[in-house]
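Please prepare a short briefing on this structure, covering the surroundings of its ligand and the arrangement of its sheet.

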Amino acid sequence: MHDVVIIGSGPAGLSAARWCDELGLDTLVLEQSEEVGGQLLSVHNPIENYLAVRAANGRELRDRFVEQTTDSDFDLWTNIEIESVDLKAKRVALKSGEDLQSIAIVIATGLRRRRLGVPGETEFRERGLIESGTRDRQLLAGKDVCVIGGGDAAAENALLLAEVCPTVTLVHRRKKLRARREFTEQLHTNHCVTVFPESTVRRIIGNERVEAVEIERAGAIKPFEMAVQGVLIRIGWEPNTNFISGQLELDERGYVIVGSQQETSVANVFAIGDVANPLAPTISGAVGAGATAAKVIASRLRES
Ligand SMILES: Cc1cc2nc3c(=O)[nH]c(=O)nc-3n(C[C@H](O)[C@H](O)[C@H](O)COP(=O)(O)OP(=O)(O)OC[C@H]3O[C@@H](n4cnc5c(N)ncnc54)[C@H](O)[C@@H]3O)c2cc1C
């Protein structure tokens, strides 16, 4: 029996755990990955906007967060797989067989990159299908690449790849790019970049590595294959709430709906960080929400 079970160990979960521990709550953090840190592990740029700390990348900031929890007493289990959660009963069953019971549950499960859901997306990971333009672009230097998506992240990555690749084709499904003007202007004047609007990639094709993509364009009679040796997908994010859907109020995109104290529609179940913050996901917001939830839980337990 724990006072609090926190699901997720990104900035929100770690902040909540640090605060819960400081407030004397018996706390267990459950993390599905091998490593703690959440999205910070995918940030390859410098982080300049988290007050008091400048970090060369997300991993460095993650290390500082972890360093600040080393003298805390909360338990942290990584590599766990949740079998089922009963939010009302505050029960979490793990695939490994443990049944956990707590007084409060904190959902800090953040976001995951949206998948395209086409053949080749899994098979060619790290075999031409790259994760990040900042980190991986040298792997694709001199190669023709396709970037999929129409927002800031897709546009920024297309521009980064255009610094080292002879051709970059940006494929997006709307008529107009959603990316900010600064990026779209650069895309349209960059002679390496071609933009395919109203188009979708239906397949990533290859043998050992990516060799082509199959593209469907509005108005074209049939899909066609375009030879590329690299692909990068940036089509947005979605909240990690499948495992609790049907048990609490979610918005139409699957984000948890919370009040000002981070409490969900189920008593003593809280949601913090990006999973409950569709409009303004930030490290600062996640860390702040973790502190709020911990303080509210501690004061409730004192009163009860
Ligand atoms: C490339 C990039 C650059 C960014 N740059 C900035 C920046 O400069 N400044 C800024 O403020 N923000 C930035 N962000 C956003 C910032 O990283 C997020 O706002 C922040 O990480 C959110 O923290 P979180 O704890 O809510 O969620 P996450 O970081 O998403 O962590 C969620 C954790 O929950 C775990 N989890 C998910 N489901 C389960 C489950 N079922 N069971 C157990 N564990 C689970 C995940 O594995 C993960 O570890 C950036 C993000 C990216 C991707």
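This is a predicted model: local features need pLDDT of at least 70, side-chain atom pairs count only at pLDDT 80 or more; totals for chains, interfaces and linings use all residues.

Residues are numbered from 1 along each chain as its sequence is written, and side-chain values use heavy atoms, with hydrogens and water left out.

**Ligand surroundings**

- Among the 28 residues around the ligand, those that come nearest are Glu-31, Gln-39, Asn-49, Asp-274 and Ile-283, where a residue counts as near if one of its heavy atoms lies within 4 Å.
- The shell around the ligand is made up of twelve nonpolar, 14 polar and two charged residues, with Ala, Val, Leu, Ile, Met, Phe, Trp, Tyr, Cys and Pro taken as nonpolar, Asp, Glu, Lys and Arg as charged, and the others, Gly among them, as polar.
- A polar backbone atom of Gln-39 is 2.9 Å from an oxygen atom of the ligand, and a backbone N or O atom of Asp-274 also lies 2.9 Å from a ligand oxygen atom.
- Of the 1,000 Å² of accessible area that the ligand has on its own, the protein covers 86% (Shrake-Rupley method, 1.4 Å probe).

**Sheet**

- Five strands form an open sheet with parallel pairing, in the order 8-15-9-10-11; strands are DSSP runs (E) of at least two residues, numbered from the N terminus, and two of them pair if DSSP finds at least two bridges between them.
- Strand 8 (129-130) and strand 11 (193-196) stand at the edges with a single partner strand each, so one side of each is left without a neighbour in the sheet.
- Strand 9 (residues 145-148) pairs with strand 15 (residues 230-233) in the parallel sense over four bridges, and Ile-148 stands opposite Ile-233 in strand 15.

Key:
A polar contact is a pair of N or O atoms within 3.5 Å; within protein, one must be able to donate a hydrogen and the other to accept it, and residues adjacent in sequence count only if both atoms are side-chain atoms.
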